[in-house]
Amino acid sequence: MDRLDRVLKQIYEAFRDVRLGDGVTLHEAIAIDDGATLTERQVARRLDTAQRWEDVPEEHIARHEAVFSFLDVKGHVFYAPAYMCWLLRAGYNTEWNAAAEAQMAFPPQGKHDCGRWHKPHEMFSPAQCQAIAQYMLYVYEVLDEEGFSYVKEPLDKYWSQYL
């Protein structure tokens, strides 16, 4: 098994049981970004039918950047592995900006939701933190041939503790 397969396997195992529940969906996050009404958000939400993160269509991931800013914690945890696995498989060979989004989804300060900051270790389990760290290291060491990755700083500031 090569390194890419090991990282993918680690992500799949760490996030195996993650479900979205009542978290903000991908298309709902886009609607929020567009200033949608509650009714428009509900319509957008119905576009996302995946019950498991593994079933999120790759074309949805590839075309929708900047969603993590508009997801709640549940949505963030649900879509994070989908974006990670997509970038690992697609690399930077994509015309979409989702490659940047897949890297910037893990800031050291965590996520602001419901009036407070949620630190990464509060959002993700230890196994998930380890998978994220391995993913970031792979992106930095393997995918980033020209110095364009966004993972070096968060990896150095926070995620390296999980390596």
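In this predicted model, helix H1 passes helix H8 in a left-handed crossing. The stretches involved are residues 3-14 for H1 and residues 126-143 for H8, and their axes come within 9 Å and cross at roughly 155°. An angle over 145 degrees counts as roughly antiparallel, so H1 is roughly antiparallel to H8. On the H1 side, the residues that meet H8 are Arg-3, Leu-4, Val-7, Gln-10, Ile-11 and Ala-14. Their partners in H8 are Ala-127, Gln-128, Gln-130, Ala-131, Gln-134, Tyr-135, Leu-137, Tyr-138, Glu-141 and Val-142. Sorted by class, this contact of H1 with H8 comes out at 10 nonpolar, four polar and two charged residues.

H1 also packs against helix H5, which covers residues 73-90. Here the two axes come within 10 Å and cross at roughly 170°, which makes H1 roughly antiparallel to H5 as well. From H1, the residues taking part are Leu-4, Val-7, Leu-8, Ile-11 and Tyr-12, and they meet Pro-81, Met-84, Cys-85, Leu-88 and Arg-89 of H5. The class count for the contact of H1 with H5 is nine nonpolar, no polar and one charged. Leu-4, Val-7 and Ile-11 turn up on the H1 side of the H8 contact and again in the contact with H5.

Another helix pair is H2 (residues 26-33) with H3 (residues 38-45), whose axes come within 7 Å and cross at roughly 150°. That angle makes H2 roughly antiparallel to H3. The crossing of H2 and H3 is right-handed. His-27, Glu-28, Ala-31 and Ile-32 of H2 make the contact, together with Arg-41, Ala-44 and Arg-45 of H3. Counted by class, the contact of H2 with H3 has three nonpolar, one polar and three charged residues.

The largest pocket holds about 200 Å³ of space. Its lining consists of Phe-68, Ser-69, His-76, Glu-101, Met-104, Ala-105, Pro-107, Gly-110, Lys-111, His-112 and Trp-117. Helix H6 (98-104) and strand S1 (111-113) are the elements that give two or more residues to this lining. In terms of class, the lining of the largest pocket splits into five nonpolar, four polar and two charged residues.

The largest cavity has a volume of about 30 Å³. Lining the largest cavity are His-76, Ala-105, Phe-106, Pro-107, Gly-110, Pro-120, Met-123, Phe-124 and Trp-159. Seven of these lining residues are nonpolar and two are polar, with no charged residue in the set. His-76, Ala-105, Pro-107 and Gly-110 line the largest cavity and are also found in the lining of the largest pocket.

Note on methods. Residues are numbered from 1 along each chain as its sequence is written. This is a predicted model: local features need pLDDT of at least 70, side-chain atom pairs count only at pLDDT 80 or more; totals for chains, interfaces and linings use all residues. Side-chain values use heavy atoms; hydrogens and water are left out. On a 1 Å grid over the protein atoms alone, a cavity is a set of points where a 1.4 Å probe fits but cannot get out, and a pocket is an open set with protein on both sides within 12 Å along at least five of seven lines; lining residues have an atom within 4 Å of a point. Grid points are joined across faces, edges and corners, and a volume is the space filled by probe spheres set on the points. Helices (H or I, at least four residues) and strands (E, at least two) are DSSP runs, numbered from the N terminus. Ala, Val, Leu, Ile, Met, Phe, Trp, Tyr, Cys and Pro count as nonpolar, Asp, Glu, Lys and Arg as charged, and the others, Gly among them, as polar. Axes are lines fitted to C-alpha atoms, for helices over the stretch in contact, and angles run from 0 to 180 degrees between N-to-C directions. Angles under 35 degrees count as roughly parallel, over 145 as roughly antiparallel, 65 to 115 as roughly perpendicular and the rest as oblique. A crossing is left-handed if the near helix is turned anticlockwise from the far one by less than a right angle, and right-handed if clockwise. Contact means heavy atoms within 4.5 Å.
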